[in-house]
Amino acid sequence: MQTPLKLVRVWDLPVRVFHWSLVLLVLCSWVSAENGLLRVHLWSGLALLTLLVFRIIWGFVGSSTARFSQFVRSPRQALEYLRATKRGEGQLHAGHNPAGGWMVLALLTVLSLQAMTGLFSNDGIRFFGPLAARISAALSDRLTTLHGTIFNVILTFVWLHIVAVLYYRYVRAENLVAPMINGSKPDAMLPAGPPPKLVAVRWALLCLVFAVLLVWWILKP
Ligand code: HEM
Ligand code: HEM
């Protein structure tokens, strides 16, 4: 008889909702910019900015697997992890592995830069980001160019991210996507020791309210 699979919750609901909302908002921002729908672009960009502020706060006060202190390791540790993986020595991690942690930081950084430069951008005709009037027209133009350039970096990082997820799925037979949807990993895929400590969703809602207020305060005339 087979022993039933024991599932352990590793990702809290806020991180999962954050992740899939991020995917939708990046797509929405891209499609709206390409089609000149700049009101939609503005709102999806602001929603993304708010979520990023939320995620940064959650990275300090949220569940153990969401915390930067848990998944940001030194570059040396990340390289050691990659070398061990190449040798086929599997290491188990409840949350992001040491190399994945750097990918997450890189994605959060470029997305934040994208949303911030968007605030100062203009379309050269009649649309101005909410903070564009606070700087010179020349600087706004330069930041608009930068906004376009950073998006290409985002696309590159997102491809790398998806290739890494597929590598785990098909080469290492580790399904990382299902846990990002349902929150749980089988016990056998976790390191020995206590399970991750998850923080209640109401605290995430409080952080989200704080993020909304902060963005509103930055943008208020
Ligand atoms: C616009 C596209 C995407 C962006 C910007 C993005 C960004 C991110 C970020 C920031 C994280 C860290 C989550 C956190 O700790 O809060 C993450 C994790 C993750 N993403 Fe994505 N993602 C994208 C698309 C996808 C897609 C299409 C998939 C599925 C094929 C995917 C699967 C995952 C998985 C499985 C993790 C957890 C990895 C782990 O276990 O360490 N992502 N992503
Ligand atoms: C924070 C709010 C944002 C504002 C106010 C904003 C504003 C703008 C403006 C004014 C343009 C120039 C449009 C044109 O030349 O016709 C633009 C272009 C663009 N934005 Fe944003 N943006 C924001 C956030 C974002 C985000 C979060 C993303 C993606 C993650 C994004 C992706 C793009 C892309 C792909 C373009 C087209 C670039 C090009 O054609 O070179 N924007 N944005």
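Before anything else, I noted what "near" is going to stand for: a residue is near a molecule if its C-beta atom, placed from the backbone, lies within 6 Å of it. I also wrote down that this is a predicted model.

**Entry 1: ligand 2**

With that cut-off in hand, I looked around ligand 2 and found 27 residues surrounding it. The closest ones are Ser29, Ala33, Gly45, Gly118 and Gly148. Which helix gives the most to this shell? It is α2, with seven residues. I then listed the helices that each supply at least two residues of the shell around ligand 2, and they are α1, α2, α5 and α6. By class, I got 13 nonpolar residues, 13 polar ones and one charged one around ligand 2.

**Entry 2: glycine 118**

I found glycine 118 in helix α5. Is it buried or exposed? Glycine 118 is buried, because 26 other C-beta atoms lie within 10 Å, and 20 or more is what it takes to count as buried. Setting aside residues up to four places away in sequence, I saw glycine 118 touching Gly45, Gly129 and His147. I also checked glycine 118 against serine 136: they are 18 residues apart in sequence, and their C-alpha atoms are 15 Å apart in space.

**Entry 3: phenylalanine 120**

Next I went to phenylalanine 120, which sits in the loop between α5 (98-119) and α6 (137-170). I put phenylalanine 120 down as buried too, because it has 22 other C-beta atoms within 10 Å. What does it touch, leaving aside its neighbours within four places in sequence? I listed Gly129, Leu131, Ala132, Ile135, Ser140 and Leu143 as contacts of phenylalanine 120. Then I looked at histidine 147, which is 27 residues away from phenylalanine 120 along the chain, and the two C-alpha atoms are separated by 9.2 Å.

**Entry 4: ligand 1**

On to the other ligand. How many residues are around ligand 1? I noted 20, and Val26, His96, Gly100, Leu176 and Met180 come nearest. The helix that gives the most here is α1, with six residues. I wrote down α1 (13-34), α5, α6 and α7 (177-182) as each supplying at least two residues of this shell. The classes around ligand 1 are 15 nonpolar, four polar and one charged.

**Entry 5: the largest nonpolar core**

I looked up the largest nonpolar core and found 22 residues in it. Those touching the most other members are Leu48, Leu49, Leu52, Val53, Phe54, Cys207 and Ala211. At least two residues of this core come from each of α1, α2 (38-61), α5 and α8 (201-219), and α2 gives the most, with eight. I picked out leucine 49 and, leaving aside its neighbours within four places in sequence, found it in contact with Ala115 and Val215.

**Entry 6: the whole chain**

Finally I zoomed out. I noted eight helices and two strands in the chain, in the order β-α-α-α-α-α-α-α-β-α along the sequence. The C-alpha trace spans about 70 × 40 × 30 Å along its principal axes. Of the 221 residues, 24% count as buried. Among contacts with a separation of 6 or more, 68% are between residues 24 or more positions apart.

Technical notes
Residues are numbered from 1 along each chain as its sequence is written. Chains are lettered from A and ligands numbered from 1 in the order in which they are written. This is a predicted model: local features need pLDDT of at least 70, side-chain atom pairs count only at pLDDT 80 or more; totals for chains, interfaces and linings use all residues. Helices (H or I, at least four residues) and strands (E, at least two) are DSSP runs, numbered from the N terminus. A residue is buried if 20 or more other C-beta atoms lie within 10 Å of its own, exposed if 12 or fewer, and partly exposed in between; C-beta atoms are placed from the backbone. Two residues are in contact if their C-beta atoms, placed from the backbone, lie within 7 Å. Ala, Val, Leu, Ile, Met, Phe, Trp, Tyr, Cys and Pro count as nonpolar, Asp, Glu, Lys and Arg as charged, and the others, Gly among them, as polar. A nonpolar core is a set of buried Ala, Val, Leu, Ile, Met, Phe, Trp, Tyr and Cys residues joined through C-beta atoms within 7 Å.
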